[in-house]
Amino acid sequence: MSVQTRPLRRGPIVVLVVAVVVIALALGAALALRGDASEPVPTDSSATSVLVYDRKQNRTLRQEGAGTRYRSASLVKLLIAVDLVQRGHVTPDRPSPRVTRMLSYSDDTIANQLWESGGGPDIVRRTATSLGLTATEPPADPGRWGDTLLSAEDVVKIYRAVLAMPSRERQLILDPLRNAHQVAADGVDQYFGIPDALPGRPWAIKQGWAAGRGGVDAHTSGVVGTGDQYVVVVLSHRPGGTALETAMREVTETTTTIENLLS
């Protein structure tokens with residue numbers, strides 16, 4: 001005996017359910033990229049995050065506000081450089097003087113060029129996926145690369161990924177950071193944080209600073225010690241009106257407090 005079934009009527013309710021499912025899947029994909037990322041620091045607030053990771057012992061020595069998200073300022077230049085290496089546009093046999101200068105002098109003009117040629121926000125999306133960054137998000141204004149959001153936890157992941165690259169590729173990024181010039185391309189003294197607070201130790205650094213648009217951000221990040229044993233990240237935000245020099249000095253003071261953790 002055969003059983004006849006009635007054709008499914010695709011009425012408004014079915015269409016609505018399908019639409020809800022599609023939206024939910026899209027939101028789920030977005031949340032998967034961001035993980036449990038917090039909201040960015042409010043522009044009128046003060047915040048400082050610290051993360052110190054010991055590669056030799058494979059453990060975190062200090063962690064405060066590691067998931068808090070900040071405006072990246074020039075730290076996004078790390079992602080621009082990593083993306084170029086990952087896509088084979090910069091190789092040991094074809095190094096890039098522009099990438100070297102962008103990293104060592106924190107050159108914004110070069111960053112603008114490489115950001116545009118690399119697809120802007122797509123750079124952030126690609127590296128967030130390839131490096132497993134859960135709090136990193138492209139800027140709302142595609143042209144403002146410094147407004148990329150990231151966390152101290154994600155910055156540590158970036159350095160660990162660079163350190164895991166084959167030696168010659170790793171040098172394409174770390175060598176410019178080891179030779180970071182004290183005076184950046186925009187005339188700012190970028191030897192706050194790690195260079196000032198941890199003297200006498202080898203380092204490779206990438207600094208970030210930005211003032212205006214509702215606040216002041218000052219960040220120090222890098223690898224410190226013999227064999228690049230430690231990854232050190234201090235991110236900060238201060239309300240608008242704070243002098244950039246004050247924000248940088250406070251980052252240096254915070255970085256000084258971790259010296260006793262380093263052997």
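How much space lies in the largest pocket? The views below start there, in a predicted model.

**View 1. The largest pocket and its centre.** About 310 Å³ of space lies in this pocket. Its lining takes in 16 residues. Closest to the centre are Pro 40, Arg 71, Asp 147, Leu 149 and Arg 213.

**View 2. The lining of the largest pocket.** Strand β3, residues 69-71, gives the largest share of this lining, with three residues. By class, the lining holds seven nonpolar, two polar and seven charged residues.

**View 3. The second largest pocket and its centre.** Here the space is about 230 Å³. The lining counts 14 residues. Ala 73, Asp 108, Trp 145, Trp 209 and Ala 210 are the closest to the centre.

**View 4. The lining of the second largest pocket.** Four residues come from strand β5, residues 203-212, and they make up the largest share. The classes split into five nonpolar, three polar and six charged residues.

**View 5. Lys 157 in its helix.** Lys 157 belongs to helix α6, which covers residues 152-163. Its relative accessible area is 26%, so Lys 157 is partly exposed: the class lies between under 20% for buried and over 50% for exposed.

**View 6. Contacts of Lys 157.** Leaving out residues up to four places away in sequence, Lys 157 touches Leu 131, Gly 132, Leu 133 and Thr 134. A polar atom of the Lys 157 side chain lies 2.9 Å from the backbone oxygen of Gly 132. Thr 134 is 23 residues from Lys 157 in sequence. In space, the C-alpha atoms of Thr 134 and Lys 157 are 9.9 Å apart.

Definitions and conventions
Residues are numbered from 1 along each chain as its sequence is written. This is a predicted model: local features need pLDDT of at least 70, side-chain atom pairs count only at pLDDT 80 or more; totals for chains, interfaces and linings use all residues. Side-chain values use heavy atoms; hydrogens and water are left out. On a 1 Å grid over the protein atoms alone, a cavity is a set of points where a 1.4 Å probe fits but cannot get out, and a pocket is an open set with protein on both sides within 12 Å along at least five of seven lines; lining residues have an atom within 4 Å of a point. Grid points are joined across faces, edges and corners, and a volume is the space filled by probe spheres set on the points. Helices (H or I, at least four residues) and strands (E, at least two) are DSSP runs, numbered from the N terminus. Ala, Val, Leu, Ile, Met, Phe, Trp, Tyr, Cys and Pro count as nonpolar, Asp, Glu, Lys and Arg as charged, and the others, Gly among them, as polar. Buried means under 20% relative accessible area, exposed over 50%, partly exposed in between (1.4 Å probe, protein chains only). Contact means heavy atoms within 4.5 Å. A polar contact is a pair of N or O atoms within 3.5 Å; within protein, one must be able to donate a hydrogen and the other to accept it, and residues adjacent in sequence count only if both atoms are side-chain atoms.
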